[in-house]
Amino acid sequence: MSSSGEAKTDKTLKSVEEYYGKVLNTSKDLKTSACTAAGRPHKLIREYISKVPKGVREKFYGCGAPLPLGIEGLKVLDLGSGSGRDCYVCAKLVGEKGSVLGVDMTKEQLEVADKYKNEYCTQTLGYKECNMRFVEGYIEKLPTEIASESVNIITSNCVINLSPDKPAVLKEAYRVLAPGGEFYFSDVYSDRRLPKNVTSHEVLWGECIAGALYIEDFLREAHAAGFTDPRELSRGPIEVTDPTLAEITGNAKFYSITYRLFKLPELLETKCEDYGQFAVYKGTIPGNTHSYTLDDHHTLVTGKPFLVCGNTAAMLGENGVSWLAKHFTITGDRSVHYGLFDCSGPAPCKPVAEAEAGGSCC
């Protein structure tokens, strides 16, 4: 990176650190809905959030609920953990045998996160010892204590847009994820590349708008980092409620999107390929007894065979690699190839019993 590029990066990071550490007192101070645009989380997540200390919740800024269920015993890394709300919830989700590590660059936020962690884990959750901790650092270059292929799940909530080097964040996430792991996160995206008067606006940076990635550019960067098949789980519109800021952003549209990026080397392909495979969900993920939604066009009903492409089979547990493997049965291998998976049907992802010959949409 050139010296001018490094200077711009440092300026951006300092501006963001100042905004979240000193300018904002609570989420009520925000001027857009970007950091409060989350849809209604799963009822279990809502229950767990309600038990997080008030001091942590009041300093929370996020645009989604990127908190996967069924992660008992796993190692979770939260990028840009802020006051730690999502880490506190994950501490409950992974149980005593799991662990949670939050990374943030803002000292004021880290102090809030650290303040309540021991009491929360030992008294609220009833653990013998605290299973989460927080470290100061940058998500573009993670602390050296986080080794390559050392975590199972990475979460992040409305943080990557604040980074001046988003490709570096994605590459670091891929590096530290273990094979079969997943980057499960929500962030702010736009329907176009934003002009300089938006991207250079300090308040819009802090409000998670100026750094919003054009959706197609994000997908390109995800592919380049090694995440071959990004899956969209949900999206919702973001409103710029301040009239002055709305005039600056113009006709650009912004969205809160939750993506799922799996690290499955040699299993994911650039196209959805048909190997005649099907998946059956066991109904074993907490809060998802009757069905499980992988993404915005894959909802598997418990016990019902479901035609899937090779990539979806891999994400759900083909060869036992994915963290989801214990919750699904995958039938079929890749010994016979039937061409591209048929995504032209009238309805996405039909169960096997309803699908026409050739498959369903992935």
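Reply: **Strand β4 and its partners**

V151 has L177 in β5 as its bridge partner. From β4 the chain passes through helix α6 (residues 166–176) on its way to β5, a right-handed β-α-β crossover: with the strands pointing away from you, the path from the first strand over the helix to the second runs clockwise. Helices (H or I, at least four residues) and strands (E, at least two) are DSSP runs, numbered from the N terminus.

A word on the model itself: it's predicted, so local features need pLDDT of at least 70 and side-chain atom pairs count only at pLDDT 80 or more, while totals for chains, interfaces and linings use all residues. Residues are numbered from 1 along each chain as its sequence is written, and side-chain values use heavy atoms, with hydrogens and water left out. pLDDT is the predictor's confidence in each residue, from 0 to 100; the protein chain averages 88, with 84% of its residues at 70 or more.

Back to the strand. β4 and β5 (residues 177–190) pair in parallel over six bridges, and β4 also runs parallel to β1 (residues 75–79), joined by four bridges. Two strands count as paired if DSSP finds at least two bridges between them.
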